[in-house]
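I opened the model and kept notes as I went. The entries below follow the order in which I looked things up.

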Amino acid sequence: MTARWRRRLTVWALLAPALALLVLVFVVPSLDLFRLSLSWTDPGRTIHSDLSLTNYRNFTTSAYFHRLLWGSIKLTLWLTAGCLLLGYPAAWYMVHARSKTARTVLYAIVVSPLLISVIVRTYGWVVLLANNGVVNWALTVSGAVDKPVRMLGTFGSVVVASIHVLLPFMILPIASALQDLDPVLERAAQNLGATPAQTFWRVTLPLSMPGVLAGTALVIALGLGLFITPLLVAGPLQPLLALGIYYVTLNQLDFPLGAALSFVLLVFTLIVLAAAARALGAVNRSAM
Amino acid sequence: MRAGGAALNGFSLLVYVFLLAPLVVVVLASLNAANYLTFPPRGLSLRWYRALWESDLWTESFRLSLLITAVVTPLALVVGTLAAYALVRFEFRGKTAVRTLIMAPLVMPQIVLGIALLNSFSALGLINTLTGLILGHAVVTLPYTVRLVTISVQNLDPALERAAQSLGANPWQVFWRVTLPLLRPGVVAGAIFAAIISFGELGVTLLIAGASTTTLPLRIFNYTEYNFDPAINAVSTIFVLLAVLLIAVLDRLIGLVRIS
C-alpha cells in the first residue's frame, strides 16, 4: 500500500463515525422530510404520496401563512435591533473592564445562559412576566399600575424573552472583534483631533463590523427557528413560522404541510446566512 | 462626554442585570415557602427541594436525563475528536463539505431538525425510545465537541508527535501518551459542552420523546405548560448551579475568553 493511500484511508477512517452518524440521523431524515413535503393531505387526513407542489402552492397563496412569515420577519427585526442595541455596549463594557476579575465575571454572565437549558431561561421569564409575577408585583407596589398588566401571551413577551435567549450570540462575536482591535488606532484618531464620538463612528465601529455582522447573522438565523421560547411565553397560536410548523404537525397532524413549512423556514435561514457570509467577505476585503 | 460615558456604563450594567434576572428570580422562587408563585416570597424554605427528592416522577426524569447524558457525552466526544483530528491534520478532497456537514445541525432550525427526526424515527419505531433520544442528542452535540477539540488540535505542535515517533513509539503509543494528553483542555471542554447540551436539550427532545421518555427539561416544559408545580423552581435552580460550577471549571481549563 502506498503512503498516499494509507493517508487517505486514515482520514476517512477517522471521519467515518461522524459521517455515519450524520448521514443516518441528519442527511437521510432531511431528505425524507423533503420528500414528505411533496406529498399532500386530503381533508379526510389521508396522506397522498404522489409528487405534488400542493403544500408549497398553499404557502404562496394563503393569507394565514403570509401572516406567519410576516410574524417571523417582524420578530427577527425586533431581535436584531434589540440584540444590537443591548449587545454592543455590553460587549464594549466587557472588553474594557478594568480588572481581570471583572472581565471574567462579565464573560461568565454572558456565557452562562449558553450552559443553561433554554427551558429554564424561558421559565424564568414566565416567572417574571406572569400576572402574579415579579414585574407586575413591582409595578403594582410602586403604584405605576392599579391591576396587573397582561404580558404573557403578547408579542412583546416573545421579543423580550427571545432577546434574552439570543443576546450572548451577539455579545460574544462583537467582544471578540473589539478584543482584536488594536487600541493604537483609537488613540491615533484621538491624537489627530477626533472627538470620542468621531473615533467611535469612524474607527471603532467600522473595525468591529465583522463581529457585528457575525452576531447579526447568528441572531437572525437562530431567531427564525426559535420555537420553545415563543411557545411557552405566548402559546402555539402566536403567528410565527416556527410555531406554525409545530402547530400544523402536532395539533393538526398534517405532516406534509409541516414538512413544506419546514423547508420554507430552512430556505429563509440559509438565505440569511449566505447574505451574511457575503457581507462579511465584503467587509474583510475592504479592510485590507 | 463624561456624563455620556457614565450613562453608557450604567446602561451596560443594566444589560448584565437583564441577562441575570430570570435566573436569579428562579433561584429566589425555589426558596419560597408558599405553594404557588408569589412575590415577595412568603418565608424561606427548602420544602420544594424535599418535594423534588421525594417525587418519583421527578427522580425518574432526573435518572433518565443523566443516563442519556452519560451515553451521549462519550459518544459525541470520541466521534468528534476523531473528526476534529482529521479535519485539522490532513488535507483531502471534500474537506470543506465535510466540515460544513458536521456544523450543519447547529444552523438547522431546531424545529426543522425535530420534525425531520420525528418523521424518520416514526418509521423506524424510534419515537419515545432511549435509542432515539441518544441518536438525536448525539447529532446536536457533535458540532460542539468537534469545534472545541479543533482548537486544541490547532495548538498541538506536530513536531511533538514526530519526536515521539522517531524515539521509537508506535502510532498507538504516540496517540495515547502524546497526542491525547496534549489535547486534554479541548477534550474536557468538549465533554462539558456535550454533557450540558444533552442534559438540557429540548428542541429535538420535545418532538421525539414520549410518555415513557420524559427527560428533565421535557418535564419542566410539561409542568410549565399544563399543570404548574412549584418544584420546577428547585429543578431549574439545579440547572443554574450546575452552569455556575461548569463555568468555573471551563475558565480554569481554557479561559472563558477563548471558548467564546
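Is A:L253 buried or exposed? I counted neighbours: A:L253 has 12 C-beta neighbours inside 10 Å, so it counts as exposed. The cut-offs I used are 20 or more other C-beta atoms within 10 Å for buried, 12 or fewer for exposed, and partly exposed in between, with C-beta atoms placed from the backbone.

**Ground rules.** This is a predicted model, in which local features need pLDDT of at least 70, side-chain atom pairs count only at pLDDT 80 or more, and totals for chains, interfaces and linings use all residues. Residues are numbered from 1 along each chain as its sequence is written, while chains are lettered from A and ligands numbered from 1 in the order in which they are written.

**Confidence.** I checked pLDDT, the predictor's confidence in each residue from 0 to 100. Chain A has a mean of 87, and 99% of its residues reach 70 or more.

**Positive phi.** I went back to A:L253. Its phi is near 55°, positive in a residue other than glycine. A:L253 sits in the loop between helix 12 (241–250) and helix 13 (255–287) of chain A. Helices (H or I, at least four residues) and strands (E, at least two) are DSSP runs, numbered from the N terminus. I noted B:N128 as well: not a glycine, yet its phi is positive, about 60°. B:N128 lies in the loop between helix 5 (110–124) and helix 6 (130–154) of chain B. With 15 other C-beta atoms within 10 Å, B:N128 is partly exposed.

**Overall form of chain A.** I found 13 helices and two strands. The radius of gyration, taken over C-alpha atoms, is 24 Å, well over the 19 Å of the globule rule for 288 residues, so chain A is more spread out than a compact globule. That rule is 2.2 Å times the number of residues to the power 0.38. The C-alpha atoms fill a box of roughly 80 × 75 × 35 Å along the principal axes. Of the 288 residues, 46% count as buried.

**Interface.** I took two residues as in contact if their C-beta atoms, placed from the backbone, lie within 7 Å. The contact takes 71 residues from chain A and 70 residues from chain B. On the side of chain A that touches chain B, helix 1 (residues 3–37) of chain A gives the most, 17 residues.

**Core.** A nonpolar core here is a set of buried Ala, Val, Leu, Ile, Met, Phe, Trp, Tyr and Cys residues joined through C-beta atoms within 7 Å. The largest has 168 residues, and A:L166, A:A242 and A:L265 have the most contacts inside it. Helix 7 of chain A supplies the largest share, 15 residues.

**Helix 11 of chain B.** In this helix (residues 216–225), the buried residues include B:L216, B:R219 and B:F221. The buried residues of helix 11 pack against helix 5 (118–129) of chain A, and in chain B against partners including helix 3 (56–89) and helix 12 (231–254).

**B:W48.** I placed B:W48 in helix 2 (residues 47–54) of chain B. B:W48 counts as buried, with 22 C-beta neighbours inside 10 Å. Among its contacts are B:S30, B:P230 and B:N233.

Note on methods:
Lists of a residue's contacts leave out its neighbours within four places in sequence.
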